[in-house]
Amino acid sequence: MSAPIADPTRRLTPVVRLAPAKLNLTLAVVGRRPDGYHQLHSVFVPLGLADRLSLSVGVGQAGVDRDSLHVAGFDAGPPEGNLVLRAIAATRVAVGGGWAGGPGPAPALAARLEKRIPVAAGLAGGSSDAAAAMDGSLEAWGAELDPDVRRATAARLGSDVPFFLAGGPALVEGRGEVVAPLHGLHTGPGVLLVTPAVPLSTPEVFAVFDGLGGHGNGSTRMSSAHLAEELRSGLTAADLVARAGVLTVANDLLQAAFVVVPALVPFRRALSRLLARPIGLSGSGPTLWALYPSKAEAAAAADLVQVSVGDGRLPAPGSNAPFVTATTILTGRQQEREL
Ligand code: C5P
């Protein structure tokens, strides 16, 4: 038997990471920062819906010294602009010569990304891919980073990236870089996601929010603090479903998103009537969500939505049909097992 290969450039199997989507159960905007970003108080939860990223070192790419990216699934735009490539490059800089085959720079990676999370949907798929790329390239190179350097590198890539490095539900504050894990969710409820096919840019929603006065609602902040406290001490899926009425309005970006895409208002109302449930907006939208005690119940709701869109009972904004899926909120423990 040969000795284990220490040199990562001889690694034969790719490093694989699942990059989960996120939902904001609450989103309070509590101030504006001098750098133009907004100060948040938000409970983020990871979802079972995930992109899949694989990273290979060297294999079959003799002579290639540049990172490459191949994307399948949802259209994520040109690969050159993808956060995965920026995350690999930023991680290489942070690692310097400190990888298993150092002291030169860490070798090029061939990345394959299966996009299952809709793009620009308020589900932070791109940020999650970036966190997965950071984590995966460290493994591929046999490198480690000081936690502070990891967090700083993640924050530079995007406001939502540090959340994904932590894993599990968390209270997110500051611009997104202050992440406090919440360990009290015992079971994850089912989640219905409905993403209308309408473009919604996060900077535009924040700009409209500022134009509307730039003040969050005090009750959103209170709901957010209350939920964070409960998720710290212990909550079941049923407890969370029982709070859906409060949570689905605890998003300070709701009005701004409705100004940018007015068709979201009647669509959300019709969805709520069809399902007899309160409907929330994730982040800056346009994804709408509802909580269910189980994934099976969320799946039945997803079927009903799809049939209703198909037969014209539920007119959806956008030129294409909405993306509709049933998933679950991952508790921290589940995420460790699944990812
Ligand atoms: O950090 P990221 O590039 O993901 O943010 C996208 C946009 O969202 C920013 O350009 C900014 O307009 C807005 N944003 C914000 N405050 C935050 C996070 C994002 O204003 N805390």
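Reader: Hi! Left-handed or right-handed, how do H1 and H3 cross?
Author: The crossing of H1 and H3 is right-handed, a term used if the near helix is turned clockwise from the far one by less than a right angle. Helices here are DSSP runs of H or I with at least four residues, numbered from the N terminus. This is a predicted model, in which local features need pLDDT of at least 70 and side-chain atom pairs count only at pLDDT 80 or more, while totals for chains, interfaces and linings use all residues. Residues are numbered from 1 along each chain as its sequence is written, and side-chain values use heavy atoms, leaving out hydrogens and water.

Reader: Thanks! At what angle do H1 and H3 cross?
Author: Roughly 145°, and their axes come within 10 Å. The axes are lines fitted to C-alpha atoms over the stretch in contact, with angles from 0 to 180 degrees between N-to-C directions.

Reader: And which residues of H1 and H3 meet?
Author: From H1, Leu 83, Arg 86, Ala 87, Ala 90 and Ala 94 meet Val 149, Thr 153 and Leu 157 of H3; contact means heavy atoms within 4.5 Å.

Reader: What about H2, which residues of H3 does it meet?
Author: Arg 150, Thr 153, Ala 154 and Leu 157 in H3 meet Ala 130, Met 134, Asp 135 and Leu 138 in H2. H2 also passes H3 in a right-handed crossing.

Reader: New topic: what pLDDT does the chain average?
Author: The average is 92, and 93% of the residues score at least 70. pLDDT is the predictor's confidence in each residue, from 0 to 100.

Technical notes:
Helix = DSSP H or I, 4+ residues; strand = E, 2+ residues; numbered from the N terminus.
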